[in-house]
Amino acid sequence: MIAPSTIPLRATARRTSGHVFAVGAGLSVCRYPLSTAFPIPLDVSGPGAPRLVTWAFGPGGDAALCCLLVIAYPEGARPPDGGLITVETHFHDLIVDCPPVRPLDALALPERDILCEAVLTAITPGNFACLAPFVTPFAPILSAWPVAADAPVLTLARDTDTRAGLSGGAIPDYLLIRAGGIWSCARVVRALRRFGPAPETELTLEPAWGGPAGHPPDRVLLLAPAVATSARIAT
């Protein structure tokens, strides 16, 4: 039996400098330099009762790497304008000292690319409304998302926005749809799969937020747990 005095204790907190970027009401991004130990962020704490939604490692300008945290605050709460954010990691607590908030477009493009993918693959029924404010600033990235030669094909019903057919075997949870230059999100509430040489799934959809506003969709992303895939739209 190991004596209690010999059990290793959690390392003391460390400090670093970072930046906070405003996304929308109750939502922000915290960026700080990443050490070579790659400490995985587990949770956050600080003024305003923040919670960690998702995170990503990416390029950090002058630093070799950075960590990008998506932080949400209670509904109606205004995120603090800078200050201290404590990040719990699997190695130690990290106290990040941030100056006043900057706009999200102050993030470098490579950081926004990585953050966009992290946000898309983090969308779940519990947080899709929380993450919706990212869609507008990330619209150029979403529009440029690559479409593979063998991408699934989405066939939209001509008489309604609540039905669609999707080739292949994957079933998404959400569809991000661009129409008239505006992005909206639809949730898949029912999927009926047809097997055969060319499998297809009939999707029943309901609006999650936004809407096509009478314009024909010209871009679509399929969102499933930890996966974001471009699809082609049948003409």
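Modeller: One term comes first. A pocket is an open set of grid points with protein on both sides within 12 Å along at least five of seven lines, and its lining residues have an atom within 4 Å of a point. Keep in mind that this is a predicted model.

Biologist: Which residues lie nearest the centre of the largest pocket, and how many line it?

Modeller: The lining has 26 residues. L156, A157, T160, D161 and P217 lie nearest the centre. β10 (153–156), β13 and β14 (200–209) are the elements that each give two or more residues to this lining. β14 gives the most, with 4 residues. The space in the largest pocket is about 520 Å³.

Biologist: How do you know where empty space is left?

Modeller: A probe the size of a water molecule is rolled over the atoms, and this shows the empty space.

Biologist: What classes of residue make up the lining of the largest pocket?

Modeller: There are 13 nonpolar, 9 polar and 4 charged residues.

Biologist: What lines the second largest pocket?

Modeller: Its lining includes A25, G26, L27, A49 and R51. A72, Y73, P74, E75, G76 and C130 also belong to it. By class, 7 are nonpolar, 2 polar and 2 charged. R51 and E75 are in this lining, and Arg and Glu count as charged, so these two residues fall in the charged class. About 190 Å³ of space lies in this pocket.

Biologist: What makes β13 and β14 a pair?

Modeller: Two strands pair if at least two bridges are found between them. β13 and β14 have 9 bridges, in the antiparallel sense. They therefore meet the cut-off of two. One example is V188, whose bridge partner in β14 is L205.

Biologist: Which sheet do these strands belong to?

Modeller: They sit in a closed barrel of 7 strands, in the order β10-β11-β14-β13-β12-β15-β16. The pairing is mixed. Neighbouring strands of this sheet are turned by 35° against each other on average, direction ignored.

Biologist: Where is G180?

Modeller: G180 is in the loop between β12 (174–179) and β13 (182–194).

Biologist: Why is G180 called partly exposed?

Modeller: Its relative accessibility is 45%. Buried means under 20%, and exposed means over 50%. G180 falls in between, so it counts as partly exposed.

Biologist: What is G180 in contact with, leaving aside its neighbours within four places in sequence?

Modeller: G180 is in contact with H215 and P216. Contact means heavy atoms within 4.5 Å. The C-alpha atoms of G180 and H215 are 5.3 Å apart, though the two residues are 35 residues apart in sequence.

Note on methods: Residues numbered from 1 in each chain as written. Predicted model: local features only at pLDDT ≥ 70, side-chain atom pairs only at ≥ 80, totals over all residues. Heavy atoms only, no water. Buried < 20%, exposed > 50% of the residue type's maximum accessible area, 1.4 Å probe, protein only. 1 Å grid on protein atoms, 1.4 Å probe; cavity = no way out; pocket = protein on both sides within 12 Å on 5 of 7 lines; lining within 4 Å. Points joined across faces, edges and corners; volume = space filled by probe spheres on them. Axes fitted to C-alpha atoms, helices over the stretch in contact; angles between N-to-C directions.
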